[in-house]
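Visitor: I've got a model open on my screen and I'd like to learn how to read it. Could you walk me through it, feature by feature?

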Amino acid sequence: MAQRSLKNFTTARRSAAFVAPVAVAAFLLAGCSPDENPTDAKGTQPSVVTGDRAPVDVGGVGQPSEGGEATATLRQPNGQPAGEASFESSEGSVIVTVKAENLAPGFHGMHLHAVGKCEPNSTAPSGGAPGDFLSAGGHLQVDGNTSHPASGDLVSIYINEEGKGETVTATDGFDIEQILETAIVIHEKPDNFGNIPTKYAPAPDEETLMTGDAGKRIACGVIEKS
């Protein structure tokens, strides 16, 4: 009798040992499903994309991405380095990678300008009062485009408290050949892209449409073929 009880106890313990990992695994799978559906219920968070992803190595600030078809070295008006930019074609768009340094913290407007000249204390091709990097002309327009945003308008770049920032964006506003010997410019303020609410003005004025009210040009680099 004692032998039979011991056998039953051993069998039960083995069964429990098998069921426990299965139950734990089922619990973990239920809590970490990669197919979690989004919900509109209040107080919930959006669905999360799960699964392994290859790490992205963007390199150090001041180094253009490998494989770029065109690059630009950014400098401040005093000649101090301000970072690097690279441009690479990909599926009908151009991938623009900008790694900036030695700039003031905050968001800064960023555009391609029509003339590949980055001269401090210069005048615009159309004339007027001198200013830093005005020699780069206005925002790049290609293929007869005259509308806004301009062909060369890009996203703003965020600079952290250490004076460094990095952004990667894609645009179909131009191709590589159209930007060679033009310039990439970073401005002192964010770009509002002409989005002026009507409670402030009936419509953005021409200066706002042309510049995004991004202010002075604080960094510039001529775009050249790699």
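Visitor: Where is confidence lowest in the protein, and where is it highest?

Guide: Start with pLDDT, the predictor's confidence in each residue, from 0 to 100. Confidence is lowest in helix α1 (residues 2-31), with a mean of 44, and highest in β1, at 97. Over residues 1-36 the pLDDT is below 50, and that stretch has 4 contacts beyond near neighbours in sequence; contact means heavy atoms within 4.5 Å. The protein averages a pLDDT of 74, and 60% of the residues score at least 70.

Guide: Some ground rules: this is a predicted model, where local features need pLDDT of at least 70 and side-chain atom pairs count only at pLDDT 80 or more, while totals for chains, interfaces and linings use all residues. Residues are numbered from 1 along each chain as its sequence is written, and side-chain values use heavy atoms, with hydrogens and water left out.

Visitor: How many helices and strands are there in the protein?

Guide: Helices (H or I, at least four residues) and strands (E, at least two) are DSSP runs, numbered from the N terminus. Here you get 3 helices and 10 strands.

Visitor: Which residues have the most contacts inside the largest nonpolar core?

Guide: In soluble globular proteins, nonpolar side chains tend to be buried together. A nonpolar core is a set of buried Ala, Val, Leu, Ile, Met, Phe, Trp, Tyr and Cys residues joined through side-chain atoms within 4.5 Å. Buried means under 20% relative accessible area, exposed over 50%, and partly exposed in between (1.4 Å probe, protein chains only). The largest core has 26 residues, and Phe87, Val98, Leu112, Ile184 and Ile186 have the most contacts inside it. Its largest share, 4 residues, comes from β3. A second, separate core of 5 residues includes Phe133, Ala183, Val185 and Cys220.

Visitor: Which way do the side chains of β5 point?

Guide: In a regular strand the side chains alternate between the two faces of the sheet. In β5, Met110 and Leu112 point one way, His111 and His113 the other, and all are buried. Two strands pair if DSSP finds at least two bridges between them; β5 and β8 run antiparallel and are joined by 4 bridges. Leucine 112 has isoleucine 184 of β8 as its bridge partner. Not counting residues up to four places away in sequence, leucine 112 also touches others, including Phe87, His139 and Phe174.

Visitor: Which cysteines does a disulfide join?

Guide: A disulfide is a pair of cysteine sulfur atoms within 2.5 Å. By that rule the count is 1: cysteine 118 to cysteine 220, S to S 2.0 Å. The two are 102 residues apart, with cysteine 118 in the loop between β5 (110-113) and β6 (157-159) and cysteine 220 in strand β9 (residues 217-222). The torsion about the S-S bond is about -65 degrees, so the disulfide is left-handed. Cysteine 118 is partly exposed, at 23% relative accessible area, whereas cysteine 220 is buried, at 2%.

Visitor: How many aromatic pairs are there?

Guide: A pair of aromatic rings is described by the distance of the centres and the angle of the planes. Rings of Phe, Tyr and Trp (its six-membered ring) pair if their centres lie within 6.5 Å; planes under 30 degrees apart count as stacked, over 60 as edge-to-face and the rest as tilted. The count is 1: phenylalanine 107 and tyrosine 158 are tilted, 4.9 Å centre to centre, with 55 degrees between the planes.
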